[in-house]
Amino acid sequence: MPVILAGGNGFIGKNLYRKLSPDQDIKVFDISVDREDDRHIRGNISDKRILDTVIHENDTVVCLAGCGGGPAASGKELIKEINTDVEQTVSFFEYCGKRHIKKLIFASSGGAVYGAAGQRAVNENTVPCPISSYGIIKLTLEYYLDLISRSYGYSGISLRISNPYGYMQKPFTGQGIIAAYLAGASLGRTLEIWGNGSNVRDYIYINDVTEAFEKVIKKEISGDVFNIGTGIGTSIKELASLVQKQFPETEIKVEYKNNVETEADYNVLDCTKAKEKIGWEAKTCLSDGLRRMFQMWNADEGQFSGNVKQSATDL
């Protein structure tokens, strides 16, 4: 069964490719690829001419495109975001229907679509209330995927991923606090905490994320939405302390700064549905994930790309 990773040259896409490529017919389609060959095609999801050579009947498409600037950049140019992130991605969903694909899996954001849901873990029945442009766009694309997939008769599935971290994540991009903390500490920088450090997030190791995608790719599922997280909350203050413990012989300082208004105080995902319907649950605890990721720091490249000879399951 052919699998197409649209927008597949980013953090999640590269890890998913490593996970699936040994025994799966898989192609990466992105505006930026590390190399161009039969499996790695350069192009935009709005370029129908190139898409015609990539996506075919009965393919499974994983859409990692949309909201390219990430949470940090969202909200700065609202009309541009609507014209690019929403319009292009919705058009892509329709295009996939016209190509008679079998399934489309959309990478949504469990950390953004629910917004301020109170001090409790949220499940898929919780009414979403995003408080950022990024969350609004992700939720909008979920709704359009549901509408379009039912109209064209393919399976449209949204995975609401919490806060992923791990191998091949680039630090200092405005997205991924764990990568920024570990890289910053490795470089002797001060760890910055916005607010009083009480904000709670659900951090999930990338291997657990790619396993969830693999389960959904291989399982016969009609249109649905799944939370993909650990169900365990960690405050920013606790996270900084865990990172400091990775450097027992170095004093890593912490500095508190003004809070960011577009962030919810508490965001933890209840993933019971994913466990019951697709047989998936996160396996990696945060301390183990931090230890593994710290060992991957590549100072020459400025990212977590070390130990590249290991298999995807060992990272």
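**Reading salt bridges and a buried strand**

Modeller: The side chains of D224 and K273 meet in a salt bridge, with N and O 2.5 Å apart. This pair links distant parts of the chain: D224 sits in strand β11 (residues 224-228) and K273 in helix α9, 49 residues apart. Bear in mind that the model is predicted.

Biologist: Why can two such side chains pair?

Modeller: Side chains of opposite charge can pair when their charged atoms come close. How many salt bridges does a search of the whole structure find? The search finds 16.

Biologist: Is D224 buried or exposed?

Modeller: Look at the relative accessibility. Buried means under 20%. D224 has 16%, so D224 counts as buried.

Biologist: Which residue meets E211 in a salt bridge?

Modeller: K283 does, at 3.4 Å from N to O. E211 lies in helix α7 (residues 206-218), and K283 lies in the loop between α9 (272-278) and α10 (286-295), so the pair ties together parts that are 72 residues apart in sequence. E211 has 14% relative accessibility and counts as buried. K283 has 63% and counts as exposed.

Biologist: What does R35 form with D37?

Modeller: R35 forms a salt bridge with D37, and their closest N and O atoms are 3.1 Å apart. R35 counts as partly exposed, at 44% relative accessibility. D37 counts as partly exposed too, at 34%.

Biologist: Which residues are linked in a network of salt bridges?

Modeller: K19, E214 and K218 are linked in such a network.

Biologist: Now the strands. How many residues of strand β5 are buried?

Modeller: Count them along residues 103-109. In β5, 7 of the 7 residues are buried, so the strand is largely enclosed by the rest of the structure.

Biologist: Which strand do 4 bridges join to β5?

Modeller: Strand β4 (residues 60-63), and the two run parallel. Find C63: it stands opposite F106 in β5.

Biologist: What about β6?

Modeller: There, 7 bridges join β5 to strand β6 (residues 155-161), again running parallel. S109 stands opposite I161 in β6. The chain crosses from β5 through helix α5 (residues 133-152) to β6.

Biologist: Is that crossover right-handed or left-handed?

Modeller: Follow the path from strand over helix to strand. This β-α-β crossover is right-handed.

Definitions and conventions
Residues are numbered from 1 along each chain as its sequence is written. This is a predicted model: local features need pLDDT of at least 70, side-chain atom pairs count only at pLDDT 80 or more; totals for chains, interfaces and linings use all residues. Side-chain values use heavy atoms; hydrogens and water are left out. Buried means under 20% relative accessible area, exposed over 50%, partly exposed in between (1.4 Å probe, protein chains only). Two strands pair if DSSP finds at least two bridges between them. A crossover is right-handed if, with the strands pointing away from the viewer, the path from the first strand over the helix to the second runs clockwise. A salt bridge is a side-chain nitrogen of Lys or Arg within 4 Å of a carboxyl oxygen of Asp or Glu.
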